[in-house]
Amino acid sequence: MGSLLSYSGLSTKIRAMQSKLMSEQQYKEVAQLDSVIQIVAYLKKQPGFAELWADLDENSLHRGDVEKLLVHTIHQNFTKLYRFANPQQRTFMALYFKRYEISILKDCLRKVFDEGKAQLDLSLFQEFFDRHSKMNLERLTNSSTIEELVNNLQGSEYYDPLKKLENDYQPRIFDYGMALDQYYFANIWSVKEKLFRKRDLEEITKAYGNKFDMLNLQWIFRSKKYYHMAPADIYALLIPVHYRLSKKEIAALVEASDEEEFRRILDTTHYKKKFPELSPENLEELYTLNLKTILETEAKKYPHSVIMIYSYLYHKEHEVNRLTTAVECVRYGLPATEILDYIHKT
């Protein structure tokens, strides 16, 4: 009863917001449009964007503005839910919010590694991060070297994971991005039992456990096939979590001598039983399908649990990714059928 009462109001709010997510028909209509300005004008009339973009003048937008405005709708909807959530629900949202901080840090890393060639204006996100984050967005944005960027993170939880890389030989942007991802994923797994109980704990364990397993499968395969990395280097990339993949299975996959041996070992795992069509070539596609299926199924079964929040935020981010793809396709002048195909693949 306690869970029902604590989540009933938020679940109602989320269902109302879910009803405003883009439909298949709306994506078809977007794919028919001829310009980015037309896309923005169209979205302004849709329920999920009308209120947020009511004062937006689409004719005054610059090239990079639309992508940032789309990302900012995620922030705006997160804020709506956060205001409506109780302290227990905000615990999960604060944990989830770290993905947005890491996204910003990756933008800052790209600017630094571009050695001043890239411009970075995150002022649109300033209010959102001032409200939810302890990071100094302006200071991070203005960092011109990796040393300056890392030093500007002193006092935050991201300082130590990035500072450690100074001991490596010329770490790349990939290394810094992986360090942030690994920290974030390991942090979620290590604190979940301290922060959550009962149904919420079960749902977080299931959703993130499947996610981490499937990400590890992807990273092992890519490391071996495209970068020909040694096993010791592959182990260093992996999320230190074992859900449905045992340490023994992970080791066998990492140590596989070639692609065929990797395929044979993959065929013996839990995920092959779950997805008979699973193969090394479609790991990324099935990773997305697996997470989407879990979130949708569990949110329907347990609407009065934390999975309802996770499911909505996932689908909102997926919507933004699809619309960003559509914007890029329209810029390149692709035909509507091809644009829709790219949308479906996103």
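Predicted model: local features only at pLDDT ≥ 70, side-chain atom pairs only at ≥ 80, totals over all residues.
Helices here are DSSP runs of type H or I with at least four residues, numbered from the N terminus. The salt bridges come to 25 in total, and a search of the whole structure turns up one cavity of 30 Å³ or more.

**Salt bridges**

- In helix α7, which spans residues 126-132, Arg131 and Glu127 sit four residues apart, or about one turn of the helix.
- Their side chains form a salt bridge with an N to O distance of 3.0 Å.
- Arg131 has a relative accessibility of 40%, so this residue counts as partly exposed, while Glu127 is exposed at 56%.
- Lys163 pairs with Glu166 in another salt bridge, where the closest N and O atoms are 3.1 Å apart.
- Both partners of that pair are partly exposed: Lys163 has a relative accessibility of 27%, and Glu166 has a relative accessible area of 41%.
- Glu328 and Arg331 also meet through their side chains, at 2.7 Å from N to O.
- Because they are three residues apart in helix α18 (residues 307-331), Glu328 and Arg331 are separated by about one helical turn.
- Glu328 is partly exposed with a relative accessible area of 24%, and Arg331 is likewise partly exposed at 24%.
- Elsewhere, salt bridges with shared partners link Lys225, Glu259, Glu260, Arg263 and Glu281 into one network.

**Surface patch**

- Phe113, Ile173 and Phe174 together make a nonpolar surface patch of about 240 Å².

**A buried proline**

- Pro161 belongs to helix α10, residues 159-163.
- Buried means under 20% relative accessible area, so Pro161 falls in that class with its 15%.
- The C-alpha atom of Pro161 is 9.0 Å from that of Gln182, although the two residues are 21 apart along the chain.

**The second largest pocket**

- This pocket holds about 370 Å³ of space.
- Its lining is made of 20 residues, and those nearest the centre are Glu101, Ser133, Lys134, Met135 and Ser156.
- Helix α6 (residues 87-113) gives the largest share of that lining, with six residues.
- By residue class, the lining of the second largest pocket has nine polar, six nonpolar and five charged members.

**The largest cavity**

- A volume of about 120 Å³ belongs to the largest cavity.
- Its lining counts 14 residues, with Met17, Lys20, Pro47, Gly48 and Asn77 closest to the centre.
- At least two lining residues come from each of α4 (47-50), α5 (65-84) and α18.
- Among the contributors to this cavity, α4 supplies the largest share, four residues.
- The lining of the largest cavity splits into seven nonpolar, five charged and two polar residues.

Technical notes
Residues numbered from 1 in each chain as written. Heavy atoms only, no water. Salt bridge = Lys/Arg side-chain N within 4 Å of Asp/Glu carboxyl O. Buried < 20%, exposed > 50% of the residue type's maximum accessible area, 1.4 Å probe, protein only. 1 Å grid on protein atoms, 1.4 Å probe; cavity = no way out; pocket = protein on both sides within 12 Å on 5 of 7 lines; lining within 4 Å. Points joined across faces, edges and corners; volume = space filled by probe spheres on them. Nonpolar A, V, L, I, M, F, W, Y, C, P; charged D, E, K, R; others polar. Patch = residues over 30% accessible without salt bridge, like charges linked within 9 Å, V, L, I, M, F, W, Y side chains within 5 Å. Areas by Shrake-Rupley, 256 points an atom, 1.4 Å probe, with all protein chains shown as cover.
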